[in-house]
Amino acid sequence: MSDLIAGLQHDFYQSFLEGDRWKLYLSGIGVTLMVAALALVLGVILGVLVAIVRTLHDQQAEGRKRSAVLGVFNGICQVYTTVIRGTPIMVQLLIMYFVIFASTRNQIGVAMLTFGINSGAYVSEIIRGGIMSVDKGQMEAGRSLGLPYAVTMTNVVIPQAIKNILPALGNELITLLKDTSIVTVIGLRDLTKAALLVQGKTYQAFMPFIGIAIVYLGMVMILSWLMGILERRMRQSDRR
């Protein structure tokens, strides 16, 4: 038993302390969070735009002539969500880095763009589902009061939809954070790459990989806790 403990202590020292290797992990955490945060912002922006286009198209009054322009944009949005959700994120990342942006070495930019585009497809469906889940009477009531469509959507429908989509958006953020671990395929030094570098130097796999697994778990638990606080506050606002 003492030999096992001594061996674990030695592996821990080699994987985290020797040569200040903990700095590699710390730098990797920064890269992981940066990619996830920037991709989330881009994903939400894309998701909102796509959701608005598809919702406008779906909510066009029946019996009236449908907008051809809106139909074209809706078709583009459908192709976008179908292609992105139907192909693996790793394949998308490889295409973006080695094909579309083959002349650049801005790994963070490419990773952020790829994950943002990928996330946007899922976020758009989450937001669209939330908007469509709000009773149609809410929109009709706002329009009957003389409010423009945009004002009714912004002040009446979307605030109600946010409460419905918040848990799903939280799950998307958690998934996005974990998926960033594949950026190692383009050489980006994120948290997973840090563990691979340490493993290559020490020939010890247990400590580096168990260590980053614990770090990822900790970050996910913190995000889940923060999302739980936000959800509880929104529920409290409903009771007032």
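**Legends for the predicted model**

**Figure 1. Overall dimensions of the protein.** The radius of gyration (taken over C-alpha atoms) is 23 Å for the protein, whereas a compact globule of 240 residues would have a value near 18 Å. The globule rule is 2.2 Å times the number of residues to the power 0.38. The C-alpha trace spans about 75 × 50 × 25 Å along its principal axes. This is a predicted model, in which local features need pLDDT of at least 70, side-chain atom pairs count only at pLDDT 80 or more, and totals for chains, interfaces and linings use all residues. Residues are numbered from 1 along each chain as its sequence is written, and side-chain values use heavy atoms, with hydrogens and water left out.

**Figure 2. Helices of the protein.** The protein contains nine helices and zero strands, in the sequence pattern α-α-α-α-α-α-α-α-α. Helices (H or I, at least four residues) and strands (E, at least two) are DSSP runs, numbered from the N terminus.

**Figure 3. Confidence of the prediction.** Confidence is highest in helix α4 (residues 89–100), at a mean of 94, and lowest in helix α6 (residues 136–144), at 75. Where pLDDT is low, predicted coordinates should not be read in detail.

Key. pLDDT is the predictor's confidence in each residue, from 0 to 100.
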